[in-house]
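Okay, thanks for having me up.

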Amino acid sequence: MATTAPGNLLITTVERAANWARTRSMFPATFGLACCAIEMMATGAGHYDLARFGMEVFRASPRQADLMIVAGRVSQKMAPVLRQVYDQMPDPKWVVSMGACASSGGMFNNYALVQGVDQIVAVDIYVPGCPPGPQSLMHGILTLHDKIMSGEIVR
Amino acid sequence: MTDERTAEETAESPDTVDLWVAGTEESQFSPTEEGAQEIARDDSGRRLDEQFGRVVDDDYVFDDEIAEDERMIINMGPQHPSTHGVLRLQLELEGEIIRRSKPIIGYLHTGMEKTAEQLNFSQGGTNVTRMDYLAPFHNELGYSLAVERLLGIEVPPRAAAMRVLLTELNRVSSHLVALATNGMDVGAISMMLYGFRERESILAFFEKTTGLRMNHNFIRPGGLAADLPVGWKDDVAAILEDIPARLAQYDDLLKDNPIWISRTQGVGVISAEEAIAYAITGPPLRAAGVKWDLRKAFPYSGIEKYEFDVPVGSRGDVYDRYRVRVDEIHESLKIVEQVMDSMPKGDYRVDDRKVTPPPRARIDESMEALIHHFKLFTEGFKVPPGETYVAVESPRGELGFYLVSDGESTPYRMHTRGPSFTNLQALPIAMADSLMADTVATIASMDPVMGDVDR
Amino acid sequence: MTDLQPVLEALDGDFENVVFEDSLGQIVARVPNAEWTAFAVAAKDAGFEVCVDVTAVDWMRQRPERFEIVANLLSMQHQLRLRITTTTGREDPSVDSLCPLWPGANFAEREAFDMFGITFDGHPDLTRILMPDDWEGHPLRKDFGVGSVPVQFKKSHQVN
């Protein structure tokens with residue numbers, strides 16, 4: 001169901017319903033690497049509650065997850081692991097690159113880090129910050145939800 | 001990635017614990033007079049006997065013997081919900097018992113020591129603060145103290161007191177995360193929510209003071225970046241009022257809970273001799289019974305003015321480490337209260353114009369201030385040649401900075417002695433002959449922060 | 001050195017080739033490479049139970065011997081720190097390992113090997129610890145570039 005067949009009301013509604021279902025209970029995979037992971041945990045904790053979006057269940061197994069929030073710096077040694085976890089996630093899957101280090105290598109422009117996780121996986125949303133506060137991360141996640149609902153991101 | 005090992009390597013001598021080393025032909029700890037071979041475990045599996053019912057004579061007895069060549073090597077991590085970051089463990093299991101283990105690190109290596117050689121001494125704080133990201137103020141404090149030692153300057157008393165205030169509050173917030181993750185890993189999932197809830201009030205204070213919730217770059221060589229905000233005493237008083245009551249609630253939940261006790265007592269034991277031989281510092285060392293705290297032994301930043309105790313455990317197991325951390329939160333709150341009551345007035349940074357930038361207002365008035373500001377922010381101040389090692393007591397142990405300068409405005413070599421890096425060496429010792437489920441509790445109690453381990 | 005503690009004075013007396021210096025209030029012992037283990041054994045017997053850290057510095061051409069290996073020792077009973085250093089040259093740099101004396105030096109020496117290429121004789125498992133196993137080069141050497149990628153609007157560092 002990759003495209004909207006023009007003029008077909010039934011498929012459009014089904015696709016809209018599918019998108020609604022996908023956004024309303026997106027399970028993130030635990031991919032907290034560094035400092036951003038702490039802010040991700042704070043986002044899932046009580047004060048900035050991710051459970052109101054149906055997302056507090058961080059699935060440890062990538063087979064059960066839809067969303068990979070790459071929270072933290074990706075080192076050269078971790079890059080193949082990240083790719084493997086991404087490949088193990090079933091479709092539809094989305095990637096949020098959280099923080100400056102995941103988006104572009106951050107302040108560490110050196111031999112040890114992959115300069116941006118988009119060198120390895122396809123990223124849908126970049127959340128800037130070092131680390132981005134829980135409110136920024138939630139804004140990023142809600143933007144992803146909007147993009148899925150509007151059909152802009154098609155999987 | 002399994003490794004081939006010869007029959008000699010798999011034959012294990014019964015009263016010594018060896019770290020599993022891939023590809024070696026012989027046991028690495030050859031008998032010497034000192035140290036290594038004497039670090040033997042003497043509890044000889046009694047706890048396992050209790051677990052498997054061999055002590056009590058009833059029907060539930062686990063009688064199967066597993067042959068040596070039926071051991072299985074499994075891999076835990078680096079992506080794993082309970083390894084506290086990207087830690088990879090290779091475990092050799094005999095049934096449910098771990099016979100050998102090997103931590104493999106490096107999955108978060110960021111090249112911070114190389115980056116430190118490119119950044120000047122003022123910018124170095126941004127780099128080091130991201131090492132141990134749960135206790136960023138301690139990283140910045142150690143680095144700033146090392147730079148100040150090389151420069152030969154002393155910060156004014158208000159700056160020292162502010163540093164103590166911030167680092168002790170940071171110790172509280174870091175131990176809260178340790179309690180939260182420790183609880184969650186063992187099964188008390190609500191601890192995660194409680195720990196982070198308390199942390200939010202402290203992080204709100206940090207955000208008000210420094211502008212950031214984490215990775216603040218606030219403690220800089222020469223003092224701090226800014227003064228405390230107006231009304232800080234009310235915020236700190238609110239924190240001091242809230243947290244002890246909540247800690248009492250956590251004690252109600254965990255301290256005498258039979259499930260918690262049976263999952264944590266006798267688990268992951270590191271004795272005092274092992275701890276000293278493996279250079280373990282921090283709560284794991286104090287839980288083993290060694291009363292060693294750098295704030296008392298080599299005081300820094302004026303902390304000797306405040307009265308506090310150093311909590312010590314006795315058995316060196318997970319439960320003792322948990323109690324030591326809870327008691328340390330109480331002690332830190334005591335220190336914070338004393339700092340709050342006795343905060344000296346004065347300048348928050350040293351008055352040396354070669355090191356600290358002038359106040360922004362003066363730049364419009366004085367040419368000299370403008371030039372100083374320009375030079376400090378483009379080139380940075382030069383530090384006389386020398387080398388020094390300064391250590392602070394971070395929530396994880398001894399956090400040391402070895403800083404070498406050759407007269408330029410960037411360090412020639414900056415090395416961080418990370419407490420988690422050294423504490424992880426003892427994981428195989430703590431996990432030897434224990435059950436798979438105890439691994440998670442043990443790692444959580446060592447409280448490694450991988451940013452500190454891999455830098 | 002006149003105000004060495006009695007513990008250190010005893011050590012100073014036993015070893016003639018070891019130079020004790022005062023570095024900004026901290027005591028450093030410069031040990032020749034051949035006497036590294038002997039001096040470490042004596043230090044441990046004198047009460048330095050903990051080897052806090054082992055690291056290295058790459059002096060390139062500024063000093064006659066390229067690498068300086070630094071070990072930080074701590075004595076809890078005397079509340080004393082001692083820093084001992086030794087040197088090794090650019091061809092096949094190596095030094096004795098402190099692991100048989102202090103098992104806690106294990107990871108630190110592996111890191112020094114990984115980052116500088118210094119061989120520690122007698123180390124149980126001298127393999128790369130922080131970099132991937134198939135990485136070539138030793139990152140913290142001064143002739144290993146930072147490895148930065150060119151960034152727009154950043155003042156030009158050397159780009160390797």
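So, for the cut-off: I'm calling it a disulfide when two cysteine sulfur atoms sit within 2.5 Å. Keep in mind that this is a predicted model.

Take A:C36: its nearest cysteine sulfur belongs to A:C35 and is 6.1 Å away, so with a cut-off of 2.5 Å A:C36 is in no disulfide. A:C36 is also buried, at a relative accessible area of 8%. Then there's A:C130, where the nearest cysteine sulfur, from A:C101, is 5.4 Å away, and again there's no disulfide. Is A:C130 buried or partly exposed? Partly exposed, with 28% relative accessibility.

Okay, over to chain C. What's the order of elements from the N terminus? You get α-β-β-α-β-β-β-β-α-β, which is three helices and seven strands. The C-alpha trace spans about 60 × 35 × 30 Å along its principal axes. Chain C has 160 residues, and 57% of them count as buried. If you take contacts with a separation of 6 or more, 48% come from residues 24 or more positions apart.

Last stop, chain B. B:M367, B:L370 and B:I371 make a nonpolar surface patch of about 290 Å². B:L370 is in helix α15, residues 367-378, and is partly exposed, with a relative accessible area of 38%.

That's my tour, happy to take questions.

Note on methods. Residues are numbered from 1 along each chain as its sequence is written. Chains are lettered from A and ligands numbered from 1 in the order in which they are written. This is a predicted model: local features need pLDDT of at least 70, side-chain atom pairs count only at pLDDT 80 or more; totals for chains, interfaces and linings use all residues. Side-chain values use heavy atoms; hydrogens and water are left out. Patches are made of residues with over 30% relative accessible area and no salt bridge: like charges are joined within 9 Å, nonpolar side chains (Val, Leu, Ile, Met, Phe, Trp, Tyr) within 5 Å. Accessible areas come from the Shrake-Rupley method with a 1.4 Å probe; for residues, only the protein chains shown count as cover. A salt bridge is a side-chain nitrogen of Lys or Arg within 4 Å of a carboxyl oxygen of Asp or Glu. Helices (H or I, at least four residues) and strands (E, at least two) are DSSP runs, numbered from the N terminus. Buried means under 20% relative accessible area, exposed over 50%, partly exposed in between (1.4 Å probe, protein chains only). Contact means heavy atoms within 4.5 Å.
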